[in-house]
Amino acid sequence: MQNFKGRDIIDINDFSKEELLFILKTAKKFDPQFVKSDRSNYTIAQGKIAGLLFFEQSTRTEQSFRSAAQKIGMGIIGFNDPQSTSIHKGESFSDTIRIMDSYADCLIIRHPKAGAAKEAAEIALIPVINAGDGPNQHPTQTMLDLYTMLKEAGKLDGITVALMGDLKYGRTVHALSLALSLFKIKQIFIAHPTLAMPEEFLKILVQRGVEYEQFDKLPDNLQADFLYQTRVQKERFQDLNEYKKVKDKFILDATFKKFLDRGIKLMHPLPRVNEITPQLDTHPNAIYFAQARNGLYVREALLGLILGRLT
Ligand code: NCD
C-alpha cells in the first residue's frame, strides 16, 4: 500500500514505478469502463477545497481538474486570469500562494516559468500539484498518458513508444520520456533537428539503460505501439521566425491512415493546431480524445490520494 496523503506532485522523477502503477490502479476505480456507477464518489472529498491558480492558458487540464474535484465532492476556488486578481496591483507570487494556501486544501498551479510549482510547494503547507511549469514538466499529463497506454495495450513493459513534434519545448514529452524510462519500453524520438529531445533527457535514458532511437522524419516502416504527436510550442520560441520555419514540418495528414491501419495508436496531449488532420479522428486507433477523457479519472484518483481520502 502507498501513502500519498499530503504529497506534492511536482516532478515525475519523485515517483517510483510502483507508485505510478498504484496511481493508475486507483484511477481505474473512476473509469466507467471498469466501474459501473460513480454516484458513491461524491462523498470522497466532501468539504475539501481545491485552489486553482492558472497563470497560463488551459482547457483540458483546468477543466478536468475542476470536473474531477467536483466529482469527488470538492469545492473549487481560484483563477485562470491572474490580471483579475491582486497580482494586477503588484502582489507577489509568494504572497498569492500564501493567501490561497490558507483558503484551500490543495493547490493546482500552472505557470509559464519552469520551477514555479516547486516554488509554490515550498511556500504552501498544503499539497501542490504541478499542472505545467513552462517547458519543464507536466506530471499529471504523464500519468494520464501512462494510464491510456496501459488501458490500450494491457501492459507497459515490452511496448514501444514514439514521441514526435516539439521534443525541445514540449513539457509533456519531457515528463513522459522520464516516466517511460522506468519501464521496459523502447523510445523513438522523431523531430526536426532544432526541436530534438534535449541532451539532458537522453543522458538519463543512457544512465537507465533505456533503448532509444532518433529520427528527423517519420520513418515509413515505423514499428511502435503508440505514436505520441505534439504541438510545436509557439509560445516558448524567442524568435517567431524560427517557429515559422519548423511549425509545419511534422503534420500527420490522411496519408498517416496506413500507420493507424497497421495498429499504431495515435496519441496527442492536445490542443492540436494543425499537426493532426481531423480526417483521422474517426479511426479507432486515433485515441487522443479518449486520452483526454482519461485525465479525469487520473485526476480524481490523485486528488483523493493526496487529500488522504483514498488509500
Ligand atoms: C499540453 C500542455 O499544456 O503542455 N496541453 C495539455 O495540458 N493537455 C500540451 C500543449 O500545450 O501543447
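Of the 311 residues in the protein chain, 52% are buried, where buried means under 20% relative accessible area, exposed means over 50%, and partly exposed lies in between, with a 1.4 Å probe and protein chains only. The model is a predicted one, in which local features need pLDDT of at least 70 and side-chain atom pairs count only at pLDDT 80 or more, while totals for chains, interfaces and linings use all residues. Residues are numbered from 1 along each chain as its sequence is written, and side-chain values use heavy atoms, with hydrogens and water left out.

The protein chain has 10 helices and nine strands; these are DSSP runs numbered from the N terminus, helices being H or I of at least four residues and strands E of at least two. The radius of gyration is 19 Å, close to the 19 Å from the globule rule for 311 residues, so the chain is as compact as a globular protein of that length. This radius is taken over C-alpha atoms, and the rule is 2.2 Å times the number of residues to the power 0.38. Along the principal axes, the C-alpha atoms fill a box of roughly 55 × 45 × 40 Å.

Contact means heavy atoms within 4.5 Å. Among contacts in the protein chain with a separation of 6 or more, 72% join residues 24 or more positions apart.

Helix 7 covers residues 199–207, and its buried residues are F201, L202 and L205. Seen down the helix axis, these buried residues fall within an arc of 100°, so they line one face of helix 7; the arc is that of the directions from the helix axis to the C-beta atoms. An α-helix has 3.6 residues a turn, so residues three or four places apart point the same way. The buried residues of helix 7 pack against helix 6 (171–180), strand 6 (186–190) and strand 7 (212–215). On the face turned away from the buried side are the exposed residues E199, E200, K203, V206 and Q207. After helix 7 comes G209, with a positive phi near 70°.

Another residue to look at is I76, in strand 2 (residues 75–79). I76 has a relative accessible area of 24%, so it is partly exposed. Not counting residues up to four places away in sequence, I76 touches A50, L52, R66, A69 and Q70. I76 and F54 are 22 residues apart in sequence, and their C-alpha atoms are 13 Å apart in space.
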